[in-house]
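Thanks for making the time this morning; I would like to walk you through one model, and I will keep to what can be computed from its atoms. Please have a look at it before I start.

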Amino acid sequence: MDDRELLRRANEARADAHAPYSRFPVGAALLCDDGTVYTGVNVENGVNGLSLCAERVALFKAISEGKHRFSKLAVTCASDHCRPCGACRQVLHEHAPEMVILMGNPAGAFVRTTVRELLPDAFSL
Ligand code: THU
């Protein structure tokens, strides 16, 4: 699947974000090695600290259905391009350090990088 199609899937998913507190919807689309795509959105909670980012929702959906090899993740939000938070970088690094990350916005602009570039010298057990 090409970059633009995966970004389109992330942006489409964004419509289902549950972001009543930040009013900052985020969408993600994760491409597995077998060609399947899992989407995610940020799911916020009124109790501070219980919200989940779109990237982790997509990743956990995929893992919970037996997927363990990932090639590319797109994330979009209404900024110049959407940057995964530090917590997501750590979680993504554990499962797919070499994965490509597409950081986009709804207008179609994006930056292409990798988990390793976003989190150099990462902690791992
Ligand atoms: N957020 C994400 O879901 N992914 C990112 O890459 C950046 C931030 C969420 C967290 C929170 O629900 C909202 O965006 C910003 O406060």
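I will talk about the ligand and its surroundings, and then about the cysteines.

A word on the basis: this is a predicted model, in which local features need pLDDT of at least 70 and side-chain atom pairs count only at pLDDT 80 or more, while totals for chains, interfaces and linings use all residues. Residues are numbered from 1 along each chain as its sequence is written, and side-chain values use heavy atoms, with hydrogens and water left out.

Let me begin with the ligand, which is surrounded by Ser 22, Phe 24, Val 26, Asn 42, Glu 44, Cys 53, Ala 54, Glu 55, Cys 82, Arg 83 and Pro 84, where a residue is included if one of its heavy atoms lies within 4 Å of the ligand. This shell divides into six nonpolar, two polar and three charged residues, with Cys, Ala, Val, Leu, Ile, Met, Phe, Trp, Tyr and Pro counted as nonpolar, Asp, Glu, Lys and Arg as charged, and the others, Gly among them, as polar.

Turning to individual atoms, a polar side-chain atom of Glu 44 lies 2.5 Å from an oxygen atom of the ligand, and a polar side-chain atom of Glu 55 also lies 2.5 Å from a ligand oxygen. Ala 54 contributes through its backbone, with an N or O atom 2.9 Å from an oxygen of the ligand.

Now to the cysteines, and which of them are paired in a disulfide? Cys 77 and Cys 82 form one, with their sulfur atoms 2.4 Å apart, the rule being a pair of cysteine sulfur atoms within 2.5 Å. The count by this rule comes to one disulfide. The torsion about the S-S bond of Cys 77 and Cys 82 is about 110 degrees, so the disulfide is right-handed. Both Cys 77 and Cys 82 are buried, a word that I use for under 20% relative accessible area, with exposed meaning over 50% and partly exposed in between, for a 1.4 Å probe and protein chains only.

What about Cys 85? Its closest cysteine sulfur, in Cys 88, is 3.8 Å away, which is too far for a bond. Cys 85 counts as partly exposed because its relative accessibility is 31%, whereas Cys 88 is buried, at 0%.

Key:
A polar contact is a pair of N or O atoms within 3.5 Å; within protein, one must be able to donate a hydrogen and the other to accept it, and residues adjacent in sequence count only if both atoms are side-chain atoms.
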